[in-house]
Amino acid sequence: MMGRLLIGWAEESIVPEKKVSLAGQFFERISEYVESEISVTAMAVEAEDNEKMILISADVIYCQDWLVDMVRGKFAEYNTGVDAQKLIIAATHTHTSHVMQPAPNLAKPGLNAATILEEFLPAGKKYTQLVTSGDDVMTPSEAGEFVAKRIALAAKRAWENREEALFTNEFGRVSVGMCRRVCYDDGSAQMWGDTNSANFVELESGNDSGIELMFTYDTDKKLTGVVANVACPAQVLEHQSFISSDYMGKVRSKIQEKYGKDVGFLGILAPSGDMCPRDLIRWVESPVCKNDPNIERENIIERRADPSMFDVKGCEKVAKRVANEIFWALDDVEEYFTEPEFLHKNLTVDMPLRRVTMEEYLTAKKAVEDFFDGRTEDIGYEDNARMQIYGGIIGRYQLQQTMDVYPIEIHVIRLGDVAFATNPYELFLNYGNQIRARSLAKQTFLVQLSCGAYGYLPTEKAEAGSHYSAFVGSGTVGHEGGALLVRKTIQEINKMFEE
């Protein structure tokens with residue numbers, strides 16, 4: 001399908017009027033103030049032959065199934081004439097935004113390790129929150145309703161703002177994401193592992209410094225929007241206790257300062273489940289990471305390197321690098337496209353549940369029983385962190401008694417020489433590499449954490465090394481599912497470009 005292109009942009013703030021619980025850590029945080037605005041950006045695209053999509057980026061940690069369904073329901077009420085299934089909603093994965101409900105862990109019953117642990121509590125004991133909430137704190141259910149409304153509104157406004165448009169695609173390169181899994185000489189691996197050890201062998205994977213870029217313009221060739229596909233989650237500030245859109249929001253601010261407040265910025269994450277904005281070789285410490293049980297350092301060596309990539313100064317550094325690369329790419333634009341081939345498929349793929357053995361289940365069950373044996377206190381976040389691996393195994397064992405596969409939603413789009421393909425995982429880098437390398441598109445944008453939230457999807461190497469992000473409870477699918485996703489995505493992309 002080809003035809004004259006219409007593109008519209010819209011942005012909506014999701015900054016709450018109250019404090020909120022902040023998502024994404026093994027310890028509780030209530031927002032103290034707003035460091036930078038969190039928002040939703042939507043880009044609506046239509047060809048005159050009637051193909052459509054509305055691509056949305058939200059400054060939240062996940063876009064769970066229930067949130068996607070809620071947004072689509074609210075969008076349908078606007079009666080725009082657009083099928084709500086054409087909405088593609090992706091998260092920037094900032095850890096300084098709303099905790100939202102209803103939010104069963106990893107979006108399926110039986111996968112919530114905290115719920116599993118409650119089954120083993122001594123009589124009269126319960127799960128307790130360490131942080132006291134009150135009338136000045138938005139509840140997770142209120143947050144879910146609030147964010148869903150704003151996402152739907154952004155989609156509606158972007159659709160209403162459609163005008164005849166041009167676009168171009170460019171490529172940039174800047175080091176943002178780096179591997180966050182450390183391998184040791186006994187075959188084990190650790191998320192955030194200490195590299196200052198004689199047993200350190202290597203980082204588990206490489207990184208992807210490439211940035212896929214798309215720019216949209218009005219018919220006078222005035223810039224109207226930027227799409228940037230970066231292989232690094234927006235989690236520099238993940239341990240902080242303020243509201244923030246992290247480096248993606250700061251990139252947006254820099255673009256709008258230079259080109260105007262009406263210029264849209266759509267920051268979308270490429271596969272980067274095993275990536276982070278920190279250099280684990282040149283480790284720079286920050287006091288804010290002390291509460292994370294997965295980060296332990298005994299011997300800190302002062303380094304001349306990046307500023308701490310846990311703090312605002314480091315976040316600004318990342319944003320400046322990304323924004324500068326975008327500015328340089330904009331300077332290189334020479335050609336514009338007006339009537340591209342435009343195809344959009346919304347597909348359902350049945351994915352195999354990652355299973356555990358009976359031995360693994362019994363070992364985990366005993367570990368939890370031993371942990372609670374004689375315990376007299378209630379449990380909290382720290383207990384969940386200690387028992388996460390075991391709770392995940394028990395939950396998976398229970399779930400696999402009634403479920404072998406589960407459906408996920410993916411989108412595959414062709415826009416001229418460009419392909420877009422989505423997935424609902426924190427997808428490890430090498431899966432994205434496999435898709436891009438075999439894609440027939442001249443440029444391939446891969447969007448993780450989109451239209452669902454099913455946890456990490458680790459490689460076979462990561463599963464063997466184990467630890468957080470590769471535990472069975474860290475996600476719903478193992479490497480067999482990863483291979484299936486790669487094959488299906490490549491197949492669907494290439495069918496569009498073979499026609």
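Colleague: Which residue stands opposite Leu223 in E14?

Modeller: Tyr217 stands opposite Leu223 in E14. Before we go on, please keep in mind that this is a predicted model, in which local features need pLDDT of at least 70, side-chain atom pairs count only at pLDDT 80 or more, and totals for chains, interfaces and linings use all residues. Residues are numbered from 1 along each chain as its sequence is written, and side-chain values use heavy atoms, with hydrogens and water left out.

Colleague: How many bridges join E13 to E14?

Modeller: There are 6 bridges between E13 and strand E14 (residues 223–230), and the two run antiparallel; strands are DSSP runs of E with at least two residues, helices are runs of H or I with at least four, and both are numbered from the N terminus. Two strands pair if DSSP finds at least two bridges between them. The hairpin of E13 and E14 has 5 residues between the strands, and Lys221 there takes a positive phi near 65°.

Colleague: And which sense does E8 pair with E13 in, parallel or antiparallel?

Modeller: Strand E8 (residues 166–173) pairs with E13 in the antiparallel sense, over 8 bridges, and one of the pairings puts Asn169 with its bridge partner Met214 in E13.

Colleague: Is E13 buried or exposed?

Modeller: Strand E13 (residues 210–217) is largely enclosed by the rest of the structure, because 8 of its 8 residues are buried, where buried means under 20% relative accessible area, exposed means over 50%, and partly exposed is in between (1.4 Å probe, protein chains only). Both faces are covered, with Gly210, Glu212, Met214 and Thr216 on one side and Ile211, Leu213, Phe215 and Tyr217 on the other.

Colleague: New topic: which side chain meets Glu212 in a salt bridge?

Modeller: The side chain of Arg436 does, at 3.4 Å from N to O. The pair links distant parts of the chain, since Arg436 is in helix H8 (residues 429–438) and Glu212 in strand E13, 224 residues apart. A salt bridge here is a side-chain nitrogen of Lys or Arg within 4 Å of a carboxyl oxygen of Asp or Glu.

Colleague: How many salt bridges are there in the whole structure?

Modeller: A search of the whole structure finds 32 salt bridges. Among them, Glu202 and Lys461 meet through their side chains at 3.0 Å, N to O. Glu202 lies in strand E12 (residues 200–203) and Lys461 in helix H9 (residues 460–465), so this pair ties together parts that are 259 residues apart in sequence.
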